[in-house]
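Good morning, and thank you for coming. Please have the sequence and the coordinates open while I speak.

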Amino acid sequence: MWYHKPVVNKELLQSLPNLRIIASSGVGVDHLDLNLLSSYGVKVSNTPFVVSTDTADLGMALMLASSRRLVEGYEMAISPDTDYFPADWLGTEVSGATLGIVGMGTIGYKVAERAKAFEMKILYHNRSQRKKEEESAVGAVYCKKIDDLLQQSDFVLLAVNLTPQTHKLIGKRELELMKPTATLINISRGLVMDQDALVEALQKKIIKAAALDVTYPEPLPRDHPLLKLKNVIITPHIGSATKKTRRIMMEEMTESIQAGLAGLPVPHEVL
Amino acid sequence: RGIRVGYTPDVLTDATAELSVALLLSACRRLPEAAEQVRSGGWTTWKPLWMCGHGLSNSTVGIIGLGRIGQAVARRLKPFGVKKFLYTGSGPKPETAAEFGAEFVPLTKLAEESDFVVVTCALTPATQGMCNKDFFSRMKKTSVFVNTSRGAVVNQEDLYDALAQGQIAAAGLDVTTPEPLPTDHPLLSLKNCVILPHIGSATYATRNTMAVLAVNNLLAGLRGEPMPHELKL
């Protein structure tokens, strides 16, 4: 299945008695009830590592676009109402700033590798600390308490997977701990954020800006306040959206299905 | 007339290199286009190949002008999984190029082999109109062209044709001729051309530093003293 449709529930499973395997695109499996599927004897596979590079690239793209006001700038450059480019129209540099990565898995770590080349100071919060060599390769400093990361970061990037523990991980309290000059970037899942709290924080300038590849729901309803805020960039869940990666995802899903149907060990099985 | 000229090199290297990479990523991942789809309601259902762009992983990046800004761009692009750096210019710079393992090639070869072309050279009689029909026709159909140097380095009509005919995949321009482009300019109508209003150095920190440097140049000049950064005429 691509994305998170169809909804996999009891009704669907009961109507498909011969279903042996669900091959899900991407790495996240938060849209699947793994216990339910296990109880029906249905295997699940995902496409974990192939999406990492493109998603990390997009995380960087969103951070840079937000900080340097790229979308606004583009609109100004192409607008028929623009007579001249004002000299005092300015953004903020990413280079040398502090990036706090929440969730230092494969994707989070790749973001750190990229951010290091911009001479960013990197903090990270994770369930467990990474090995010393991994930390020093990117100059990342572990923050056991997320509060420390939130208080010191100019950019907070969410790269956790969605679990009951990370649901609404960033809410009103966390947003208020962030600097008023900070930007939140979300390339994980919309539900990792308390979205209403985010709207309020952006409206009241508790944080400066947000750049989101993921929301809840996707797409947002047409009248949602996030769509109207000037200091928000939203992209339509394109983290892994390159032809090359999508092709590899399809190949991996096909391999998993073939193995599943043949009763062989399933590559990228989610247990 | 014996008028001295001060300028502000060097202090804007990081800001401009950063903006070049930001522009490259925005163009190859179709960021403004995708953001517009979200706002306009064009994003209805999700499809596997919708809004797909081009990734940097295993790519070849060609830098036209491996000066301070070009080097800073290469440094920032390296961890994106770039397989190879090519560069061109008035002559090879082996010590500089060594940091990236970059190969000095003629302009034509750079066009033919690059997945991403970034122009960070100075505008001179030699580089004026350098990126023209011949250049774009050699580039790959899947390639992305980024210019953060000067508008006049690019033949804009030829760029338009290349984009409109699918000779290259996308372009990002921080600089054009003129700035801004006239409201009916064909480049403005292309979805795969991201244009920015010459904001390479446009950050509070960098512009402050540039302003202070400019003033120091001016004061030194008025006092008949050596300037921090004087242009040798």
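In helix H3 of chain B, the buried residues are B:Gly70, B:Gln71, B:Ala72, B:Val73, B:Ala74, B:Arg76 and B:Leu77. Buried here means under 20% relative accessible area, with exposed over 50% and partly exposed in between, using a 1.4 Å probe and protein chains only. Seven of the 10 residues of H3(B) are buried, and the helix is mostly covered.

What covers these residues? The cover includes helix H1 (13-28), E1, E2, helix H4 (94-98) and E4 of chain B, where contact means heavy atoms within 4.5 Å.

Before I go further, a word on provenance. This is a predicted model, in which local features need pLDDT of at least 70, side-chain atom pairs count only at pLDDT 80 or more, and totals for chains, interfaces and linings use all residues. Residues are numbered from 1 along each chain as its sequence is written, chains are lettered from A and ligands numbered from 1 in the order in which they are written, and side-chain values use heavy atoms, with hydrogens and water left out. For chain B the mean pLDDT, the predictor's confidence in each residue from 0 to 100, is 96, and 100% of the residues reach 70 or more. The complex receives an ipTM of 0.95 and a pTM of 0.95 from the predictor.

Now to the setting of the helix. E1(B) and E2(B) run parallel and are joined by five bridges, with B:Tyr87 in E2(B) as the bridge partner of B:Ile63. Strand E2 (residues 84-88) of chain B has four of its five residues buried.

On the other pairings, strands count as paired if DSSP finds at least two bridges between them. E2(B) and E3(B) run parallel with two bridges, and B:Leu86 stands opposite B:Glu103 in E3(B). Strand E1 (residues 60-64) pairs with strand E4 (residues 116-119) of chain B in the parallel sense over four bridges, and B:Val61 stands opposite B:Phe116.

The whole open sheet of chain B has seven strands in the order E3-E2-E1-E4-E5-E6-E7, with parallel pairing. Its edge strands are E3 (103-104) and E7 (193-195), each pairing on one side only.
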